[in-house]
Amino acid sequence: MEGVKHAQIIDISLSPCISVWSIGDGAPEETEKRDDSQRSTLFVEKPQSGSVSVGKCGNITFIAKVEAKDLLRKPNVKWFKGKWMDLASKAGKHLQLKESFERHTKVCLFFLFTGTNGDGQDDAGELDFSGLLKRREVKQQEEEPEVDVWELLKNANPSEYEKIAFQYGITDLRGMLKRLKRMRREVKKSAAFAKGLDPAYQVDKGGKVRFMVELADPTVELKWYKNGQEIRPSTKYIFEHKGNQRILFINNCTMTDDARYYVTAGDEKCSTELFVRDPPILVTKGLEDTNTYVGERVELSCEVSEDDANVKWFKNGVELTNEPKSRYRIKVEGKKHTLIIEEAAKNDSATYSVMTTGGQSEAKLSISLALEDQTVRLGQEIHLKCEISENVQGKWYKNGQLVEASDRVKLYHKGRIHRFIIASAAVDDEGEYMFVPDSGSLRKICTISHFSDPPKLHLDGLGENNTVTVVAGSKLRLEIPITGEPTPKVMWSKGDKWITDSGRIRAETYPDSSCLVIDTAEREDSGPFRITLKNEAGEDTALINIKVVDVPDPPQAPNVTEVGEDWCVMTWEPPANDGGSPILGYFIERKKKQSSRWMRLNFELCKETTFEPKKMIEGVAYEVRVFAVNAIGISKPSMPSKSFVPLAVTSPPTLLAVDGVTDTSVTMKWRPPDHIGAAGLDGYVVEYCFEGTDEWIVANPELTDKTRFTINGLPTGSKILVRVKAVNAAGESEPRYHPQPILVKEVVEPPKIRLPRHLKQTYTRRVGETVNLVIPFQGRPRAKVSWQKNGSPIDKNQINIRNTENDTIIFIRKAERSHSGEYDMKVEVENLVDKATIDIQIVDRPGPPEIVTIEDVWGENVNLSWKPPKDDGNAAITGYTIQKADKKSMEWFTVIEHYHRTSATINELVIGNEYYFRIFAENMCGLSEDATMTKESALIAKDGKVYKYPVYDDFDFSERPLFTQPLINTYAVAGYNATLNCSVRGNPKPKITWLKNKVIIMNDPRYRMFSNQGVCTLEIRKPSPYDGGTYSCRAVNELGEAEVDCKLEVKGKSFKSFGMVPQ
């Protein structure tokens, strides 16, 4: 229990005035002074004193009102009489506690009702309940003064301590006596403590206690002890300093905290006793009124909150003891306490009560002597008992007819007591029964009637319209309370089908209820179930609606109605079956078509049946699906939508301009869009409208993939506006408008040849190259273009000329030197003319120089001279290349390159060697094919005697072709380059020719041929199965020829079958 400062637990003492204090915080007198301000703010209205006359019927009510608007929770209020007696344990017939709460004023009302019964047994005075139970007269007297328990203990004999402790609910008598002993001691005045500890403190188990001392000198060191052991700060022990006050809090008190405590300040100490009080013993099951007959065994039982608790029994207020000679025997079994009377007598009829430290209970015991009217249920026992004044035989009669003993009817006689017993009552047993003793001096009569009650169904716990909701897949056990006497027959049905006591859907019947059980409820179980009750007294029936709710069915596959660059719009229909619970919303998922991983798009339910997924990748195929959600759960997913690809329209075309205008047409040109996207570009739509109207006309019904279009059929003199749209799979782009209206009228434009810069100089090409010249020009309308070469018309068989409205093209597939010359171009528009001249030069390699002579030989030097070649290849000679060869080996070595003069001196020749020399001419196309060699040789002689060389016949190196390494059969893979290799020798050097299936391979770009140092190679680029066959290599010189062949097979299997990936 917390202190008053928390304002949650409020204790109210009725007399003589109201005090608010917490047990363990010190004496009531001290707390009363400290908490007057708090008490005044908490209590709106305090209990008022009252009086009632003893011996008269009446009652008195005490009312307390507490302000609750600033409290965290409802306050707990206790009523005390005096300082110690908690009236909550005395609540019963004559004492009632009630409370209520006024919401609009935020005020809690607490009531205490007490009254008298007219016999002098009242709740006034000391509220001595033990005295209340005693059947003695109480003289009317003035209201007794308040009783102090401590004063009672001081003045009482030690033999009465236990009685006083039990009467006032004191459980720790030892601690109270210790405190009493300390209170009798003289308290010496302390110099260190301005205010010391109280002699004793008491706290409930689990509560909080507060010790406080006030020091005369706040600088003195203070220590707290428990049973001589110093107390250290912890969560249980909390120290607090307030000025000169030193406070110790002990939280969550247990029985181990019941000890002696003292505090030291210097050489002085102050001590106290803490008593931890166990909670009071409560009566959990009270006594019940009992009616029986003389001679029967009587048992009065009750149950308390603790095992083997101290319980006192009273008969009409007089305590009963468990003595061996007593007629009363007290039996204790754990929490159950029983008072036993073996053979009840008439004088045992009385009020019996049981009392504990925290409560009491009472009941009346009635002992009957004669027959009494009885109402019994069918099937129960009929027990008639009659006690007469003497021990004589007698007879039993029913409705005036003598009743004899039989198997159903048992008749017993013992002393003065006669019994009539029928084990199971039937309908025919109803009637008037009479016992007549043989002495004939007395007749005892009673009436036996059957208790019958029409059957009734109690459906108060069901919902509206008797509806019971159950989730599909769970078990339903619906229990319907029933009443009726005799016990009614219960029948369940659904439609025309009766429900038995077995199966998935079954009925279970009990004496006071009937259960409808459905194992694993299904949707088909929904519907009305009829329950019918029948007995002899009547019939009752009711319809109970069972509603089985489940997750909804999945929606239909969604439809994607609109697609954008990274978004789409999808719609769907609600599921056909909502599972018996309204649809709360939908979850949407998407995935890439080639993936199996779905991704949730919304984490808050979508309330509508349309959704716009975003952040998709343009050009990737997606699928979407939907889940329906109700209060039960999430449905299965819908079927996926048809796959769709987010695509974006292109940006508008660019650079829209007028390319030409005639009297009936306008030609527009433009550039492709800057951004096309994954959807590509399918074409363009050209639209126009006449100035002053808003009707746009499509000029091209079919898309055009060109960036130029002519709008025909326009009226002369009209003005039109033109726009162009780019179109792809995502739709049409934004249009690109021409900024100005266009006048449909042909305008004469003087001719103007726009000769490219590189054609303003001599245009040079090599022999065999392609000449393709495009010369743009201007001129409207109908410009006429003509060409001449060197003043003569061009031979169109050799040179192709192609003219358009805006340019002219001169094309020569393979240029020859004869194509060189000046080409004159003329453009005419009506009487206006523009001309241009193009100089085309076709060049080739030059011929060899003319005669090469050795002018002089001296030392290691040779002087050569020659004449320029007759054929310069139609290009200037840029230089000469000079080579030398030793007469012995005739291997040529370059001595000088790119030499510009026609004479040269060759230095650093080897003495004793004889040399030949040859010269190549060079122009922009390269060296001449042949060289001119000196007819004589130059001997580099030694000084002195001239050596005469012997004369040898020249060795004949001539040889017909011979293959030293033949071709071999080869397997190739389709799509991968293949090569065929062989080697050949021969002198003169043979000419190599390749053949396929005996057909010469010529000018085929799929084949490349190499020959290096006699090694011949044929490369077949990315062959297909059709390139397989027999390949031959033929070598020919003037002495003969040789040929080798092989077979090539190309396998056309897929790359994966070979474990390869094409490069």
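Modeller: Let us begin with one term: a strand is a DSSP run of E with at least two residues, and strands are numbered from the N terminus. The model before us is predicted.

Colleague: In which strand is the place of E1041?

Modeller: E1041 belongs to strand β84, which covers residues 1040-1051. In total, the chain has 6 helices and 84 strands.

Colleague: Why does E1041 count as partly exposed?

Modeller: Buried means under 20% relative accessible area and exposed means over 50%. The relative accessibility of E1041 is 45%, in between these limits, and therefore E1041 counts as partly exposed.

Colleague: What does E1041 touch, not counting residues up to four places away in sequence?

Modeller: E1041 touches R960, P961, R1034, A1035 and V1036. Another distance concerns P990, which is 51 residues from E1041 along the chain; their C-alpha atoms are separated by 8.1 Å.

Colleague: Why is A259 called buried?

Modeller: A259 has a relative accessible area of 5%, and the limit for buried is under 20%, so A259 is buried. A259 lies in strand β15, residues 259-265. Not counting residues up to four places away in sequence, A259 touches K226, N227, T272, E273 and L274. A259 and K226 are 33 residues apart in sequence, with 6.8 Å between their C-alpha atoms. In the chain as a whole, buried residues make up 41% of the 1063 residues.

Colleague: Why is Q1013 called exposed?

Modeller: The relative accessible area of Q1013 is 77%, and exposed means over 50%, so the term exposed applies. Q1013 lies in the loop between β81 (1007-1012) and β82 (1015-1020). Q1013 also has a positive phi of about 55 degrees, although it is not a glycine.

Colleague: Which phi does N790 have?

Modeller: N790 has a positive phi of about 50 degrees, and it is not a glycine. N790 is found in the loop between β61 (784-789) and β62 (792-793).

Colleague: What makes the peptide bond from N987 to P988 cis?

Modeller: The omega of this bond is near 0 degrees, and the bond from N987 to P988 is cis. P988 is in the loop between β78 (978-987) and β79 (991-996).

Colleague: To which count do the aromatic pairs come?

Modeller: The count comes to 18 aromatic pairs. One of them is formed by W396 and F420, with 5.4 Å centre to centre and 40 degrees between the planes. W396 is in strand β28 (residues 394-398) and F420 is in strand β31 (residues 417-422), so that the pair links distant parts of the chain, 24 residues apart. Both W396 and F420 are buried.

Colleague: Why is the pair of Y915 and F917 tilted?

Modeller: The ring centres of Y915 and F917 are 6.4 Å apart, which is within 6.5 Å, and their planes stand at 35 degrees, so this pair is tilted. Both Y915 and F917 are buried.

Colleague: How do you know that K269 lies over the face of Y262?

Modeller: For a charge to sit over a ring, NZ of Lys must be within 6 Å of the ring centre and within 35 degrees of the ring normal. K269 lies over the face of Y262 at 4.4 Å from the ring centre. K591 lies over the face of W598, at 5.4 Å from the ring centre.

Colleague: Which order has the open sheet of 3 strands?

Modeller: The order is β49-β50-β53, with antiparallel pairing. β49 (654-661) and β53 (708-711) each have a single partner strand, so they stand at the edges, and one side of each is left without a neighbour in the sheet. The twist averages 25 degrees from one strand to the next.

Colleague: How do you know that β49 and strand β50 pair?

Modeller: Two strands pair if DSSP finds at least two bridges between them. β49 and strand β50 (residues 666-671) have 5 bridges, so they pair, in the antiparallel sense. In β50, T667 is the bridge partner of G660.

Technical notes: Residues numbered from 1 in each chain as written. Predicted model: local features only at pLDDT ≥ 70, side-chain atom pairs only at ≥ 80, totals over all residues. Heavy atoms only, no water. Phe/Tyr/Trp six-rings, centres within 6.5 Å; stacked < 30°, edge-to-face > 60°. Helix = DSSP H or I, 4+ residues; strand = E, 2+ residues; numbered from the N terminus. Buried < 20%, exposed > 50% of the residue type's maximum accessible area, 1.4 Å probe, protein only. Axes fitted to C-alpha atoms, helices over the stretch in contact; angles between N-to-C directions. Contact = heavy atoms within 4.5 Å.
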